[in-house]
Amino acid sequence: MAEKLILTPGEARLEDLRRIYREDVIVSIDEACKPRVDAAAAIVANAASADQPVYGINTGFGKLASTRIPAQQTSQLQRNLILSHCCGVGDALPRDVVRLIIVMKMLSLGRGASGVRWQIVERLQTLLHLDLIPIIPAQGSVGASGDLAPLAHLTAVMIGEGHARFQDESMPAAKALQAAGLEPLELGPKEGLGMINGTQVSAALALAGLFNAWSLAQTALISGALTTDALMGSTRPFRPEIHALRGQKGQIDAAQSLRSLLDGSAIRESHRANDERVQDPYSLRCQPQVMGACLDQLRQVAQMLEIESNAVTDNPIVVIEDGSILSGGNFHAEPVAFGADQCALAITEIGSIAERRIATTVDPAQNFGLPAFISPDPGLNSGFMIAEVTAAALMAENKQRATPCSIDSTPTSANQEDHVSMACHAARRLGEMNHNLANIIAIELMISTQGIEFRAPVKTSQHLQQVMQTVRAQVTPLEGDRYLADDIAAIKQLVVERSIITSPGTIDLLPKLAP
């Protein structure tokens, strides 16, 4: 039976969100927040029937904010808002991302500053419990004012419009609600606006990108350790004294992991004396510095996203302490855009240094006695020659995608929304970038595993031998040229499923995203 998780708005932890993304936990909101939600909803209801115009409650939206809406039309106003904003295009967002979006919207509304009724929070919770997942097109948000189009597609399902997946079938939302025994909701004052103003889509995509990037960073430390031994590299650059003197936490952690992974390697001991090389290439020697900087970047993003996941990011905001309704700009997703750009840089650099290790390993001029392209019979066979080219292509593609999105902006909504964050596609691109990185790491795992096998009978550490066994359970050694695409795909799947980092005893040697 799926585990239950009760979240308190404002207090959800990063690890809670990771579990929701990775596992089918049953998520509920702590009902202790209901009085605040009810209080804010009462303030909005009073404002809707009052004479004074209040943005989004009894006025139009955006450039139409000066248009006054009569009290009897406020419900129609909210419904029209949702339908008019359902303009998303592109592929549907994955189920695990949509679940995160729903949870973060519940957390935001549950803070009691949005003015929606408790019924809205309950309906979002019910969608999760029934696994009735709105179909949300991935494209159409500029990250301000909120993720309008994608969140409109989420809200549309609640009112019986749009499309959803229910019981493994895509269907019109009205049919899905009927099959689940639910009635479409009628939105009250500000409830449509409260649903579509917010950064939850951008933040959910960024969280997905972050969680996967962190697992890939951990895996790259393992593949880097394997390559270090395959190339008979030195572990002296990983000694703690070096990294303590610099003081960067990520660097210290990366060096510790590399030392632990290589501890007990007979290959390392075999060349401590009489090694003609003075220093290794940077892609080996500077792994702690490069990987550590990437770990620090990802941890910084994690801190920001944990805060954003608990934030109230719609507009206007209701202050129940004094009854005021404040128009502001918390919907602007600039923090998420910056964070997504930071993630993109880290993903790119992890792939960049891994590709350089791959290139060194297949190069007979640099690989310290290994055969060319790690083939037992180079010349007749090309070995891993083009696998390295593939890694280079993927690295270049990620470099191009790492161009910052947050520095781009274009005015929208008749220049009312004249500066936007572009956070949504900044975060969405992380998915493809992570897939590219997973393939690069898969290629390094295959090549470094075969490289270590060429050092037999001398063996690597016990930890790395276990990793090699995991690789060899999927692909056999490359003796003669064969169709390699399937091999790369099989090892990439191991990487994506985190099978490499969860090898017995290995996960404890790797850095943690959060304490």
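Tutor: A helix here is a DSSP run of H or I of at least four residues, numbered from the N terminus. The model we are reading is predicted.

Student: Where in helix H16 do Arg401 and Glu397 stand relative to each other?

Tutor: Arg401 and Glu397 are four residues apart in H16 (residues 385-401), a separation of about one helical turn. Their side chains form a salt bridge, 3.3 Å from N to O. Arg401 is partly exposed at 30% relative accessible area, and Glu397 is partly exposed at 28%.

Student: How should I read a salt bridge, and how many are there?

Tutor: Side chains of opposite charge can pair when their charged atoms come close. The count for this model is 23 salt bridges. One of them joins Glu191 and Arg117, at 2.6 Å from N to O.

Student: Which parts of the chain does the pair Glu191 and Arg117 tie together?

Tutor: Glu191 belongs to helix H8 (residues 191-196), while Arg117 sits in the loop between helix H4 (95-109) and helix H5 (118-130), so the pair ties together parts 74 residues apart in sequence.

Student: Is Glu191 buried or exposed?

Tutor: Glu191 is buried, because its relative accessible area is 2% and the cut-off for buried is under 20%. Arg117 is partly exposed, at 31%.

Student: What is the N to O distance between Glu269 and Arg272?

Tutor: The salt bridge between the side chains of Glu269 and Arg272 has an N to O distance of 2.9 Å. Glu269 is partly exposed, with a relative accessible area of 48%, and Arg272 is partly exposed at 46%. Salt bridges can also form a network, as with Glu3, Arg19 and Glu23.

Student: Turning to the sheet, what is the order of its three strands?

Tutor: Strands of a sheet pair through backbone hydrogen bonds, either parallel or antiparallel. Here the three strands make an open sheet in the order S4-S6-S7, paired antiparallel. S4 (133-134) and S7 (169-172) are the edge strands, each with a single partner, so one side of each has no neighbour in the sheet. S4 and S6 (residues 163-166) are joined by two bridges, and Pro134 has Ala164 in S6 as its bridge partner.

Student: Which residues line the largest cavity?

Tutor: The structure holds one cavity of 30 Å³ or more, and the largest cavity has a volume of about 40 Å³. Its lining residues include Phe384, Met446, Gln450, Arg472 and Asp487. By class, the lining has five nonpolar, two polar and three charged residues.

Technical notes:
Residues are numbered from 1 along each chain as its sequence is written. This is a predicted model: local features need pLDDT of at least 70, side-chain atom pairs count only at pLDDT 80 or more; totals for chains, interfaces and linings use all residues. Side-chain values use heavy atoms; hydrogens and water are left out. On a 1 Å grid over the protein atoms alone, a cavity is a set of points where a 1.4 Å probe fits but cannot get out, and a pocket is an open set with protein on both sides within 12 Å along at least five of seven lines; lining residues have an atom within 4 Å of a point. Grid points are joined across faces, edges and corners, and a volume is the space filled by probe spheres set on the points. Ala, Val, Leu, Ile, Met, Phe, Trp, Tyr, Cys and Pro count as nonpolar, Asp, Glu, Lys and Arg as charged, and the others, Gly among them, as polar. Two strands pair if DSSP finds at least two bridges between them. A salt bridge is a side-chain nitrogen of Lys or Arg within 4 Å of a carboxyl oxygen of Asp or Glu. Buried means under 20% relative accessible area, exposed over 50%, partly exposed in between (1.4 Å probe, protein chains only).
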